[in-house]
Amino acid sequence: MTFIPKPRVGYPGQPRNALGLTKEDYEGSLSTLCAGCGHDSITAAIVQAFFEMAIDPTGVIKMSGIGCSSKTPAYFLSGAHGFNSVHGRMPAVATGALAANRDLVCIGVSGDGDALSIGFGQFAHAIRRNIDMLYLIENNGVYGLTKGQFSASADPGSKAKRGEINRQQAIDPVAVAITLGCGFVARGFSGDKEQLVPLLKAGLAHRGLALIDIISPCVTFNDHEGSTKSYAHTRSHYRPAIFADFVPPADEILTTQSPGEGRRVVLHDGSSIVLRRIEADFDPADRSGVLARLDASRAKGEVLTGLLYLNEELPEMHDVAGTCRTPLTALDYAALNPGSEALAEIQRNMR
């Protein structure tokens, strides 16, 4: 992987967040992705979200697997910890890191190939364990690094750049995540930063796994007529399910939208998402209703976006496993190595 340092140009009067940091402090290396790639727009939204939430980059771990999407953690939060793992195995590495230090803020970036093909089993078990991480799928419907073959998320009837038609069923990560019991499920579009930034902030504030599937067109292999993941197709079939804004704790609500009828969903830390319903019967807490709405939108060829499902009652991984509250790096040798008798007892319990 090639890393190109991004030149830092400071100027007086740059906006600073509560930590005294500028947005530039949340950037990374220069992108080596194709010009116009939707992934770079997602990177810009991630930088904006972390800056506005005033999250210390040194307390963040950014994880990824293999693919164009998995290169993007190099392009944001240069001061964070990072790990580019084996193809499809990012959730396992993230689980280990969070088991060792629950105080870290974790963002995992995957793609439709990395998460829904070779990593589909890891994706499912990350949801089952409810790992405390923001899990992003940068979804373009193709294997970009291997020249544009259909991925597992390619829609039936979608046309490849070379002319062939996809005849296989698509895996919808949003429907799968809700079915598996994920407590925070959303979908965004790389071309709509106004919606994507609040979704990212809400996902970061959620305790447990927060999944955001982001339609991110591949300008090289999947941005042509006949593709259902292109900019033109997504914009023409784009339908926001709800208006969502993130309200940080103790801060005033800042939005350019006119207020509408809605309700407030309180998150674990006292912050909330203010939702304005476009459809009167849409309720993000109604699991079966959301799945039915996804099916209806899919039948119409619509791309339904926004915060689609939220459940705040699920136990997080540390609650279930009873992990150590102190980061393992802060424990002394005696605590980390209880001796041979303790090991023997563990082995007896496994028989």
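Which elements do the buried residues of H5 pack against? They pack against H3, helix H4 (112-116), E4, helix H6 (173-180) and E8, and the views below start from the whole protein and come back to that helix. This is a predicted model, in which local features need pLDDT of at least 70 and side-chain atom pairs count only at pLDDT 80 or more, while totals for chains, interfaces and linings use all residues. Residues are numbered from 1 along each chain as its sequence is written, and side-chain values use heavy atoms, with hydrogens and water left out.

**Figure 1. The whole protein, with its 12 helices and 13 strands.** Helices (H or I, at least four residues) and strands (E, at least two) are DSSP runs, numbered from the N terminus. Of the 351 residues, 47% count as buried; buried means under 20% relative accessible area, exposed over 50%, and partly exposed in between (1.4 Å probe, protein chains only). The accessible surface comes to about 16500 Å², and carbon and sulfur atoms hold 55% of that area. Areas come from the Shrake-Rupley method with a 1.4 Å probe; for residues, only the protein chains shown count as cover. Among contacts (heavy atoms within 4.5 Å) with a separation of 6 or more, 69% join residues 24 or more positions apart.

**Figure 2. Helix H3 (residues 90-100) and what covers its buried residues.** Look for Met90, Pro91, Ala94, Thr95 and Leu98, the buried residues of this helix. They sit on the same side of H3, because they cover an arc of only 135° around the axis. That arc is taken from the directions from the helix axis to the C-beta atoms. The cover includes strand E1 (60-64), strand E3 (105-111), helix H5 (120-129), strand E4 (134-139) and helix H10 (317-321).

**Figure 3. Helix H5 and its buried face.** Here Phe123, Ala126 and Ile127 are buried. Seen down the axis, the buried residues of H5 fall within an arc of 95°, so they line one face of the helix. Phenylalanine 120 also belongs to H5, but this residue is partly exposed, with a relative accessible area of 29%. Leaving out residues up to four places away in sequence, phenylalanine 120 touches Ala115, Ile171 and Val176. Its C-alpha atom is separated by 9.9 Å from that of alanine 152, 32 residues apart along the chain.

Figure 4. Asparagine 130 is buried, at a relative accessible area of 6%. At 0% relative accessibility, leucine 77 counts as buried.

**Figure 5. The second largest pocket, with a volume of about 490 Å³.** On a 1 Å grid over the protein atoms alone, a pocket is an open set of points where a 1.4 Å probe fits, with protein on both sides within 12 Å along at least five of seven lines; lining residues have an atom within 4 Å of a point. Its volume is the space filled by probe spheres set on the points, which are joined across faces, edges and corners. Of the 23 lining residues, Asp155, Asp172, Lys229, Arg298 and Glu302 are the closest to the centre. Strand E8 (210-215), helix H9 (287-300) and strand E13 (303-310) each supply at least two lining residues, and H9 gives the largest share, 3 residues. By class, the lining has 8 nonpolar, 8 polar and 7 charged residues. Ala, Val, Leu, Ile, Met, Phe, Trp, Tyr, Cys and Pro count as nonpolar, Asp, Glu, Lys and Arg as charged, and the others, Gly among them, as polar.

**Figure 6. Surroundings of threonine 22 and glutamine 149.** Threonine 22 lies in the segment before helix H1 (38-52) and is buried, with a relative accessible area of 4%. Not counting residues up to four places away in sequence, threonine 22 touches Gln14, Pro15, Arg16 and Phe51. Glutamine 149 lies in strand E6 (residues 149-150) and is partly exposed, at 32% relative accessible area. Leaving aside neighbours within four places in sequence, glutamine 149 is in contact with Gly141, Val142, Tyr143 and Arg162. From glutamine 149 to asparagine 166, 17 residues apart in sequence, the C-alpha to C-alpha distance is 9.7 Å.
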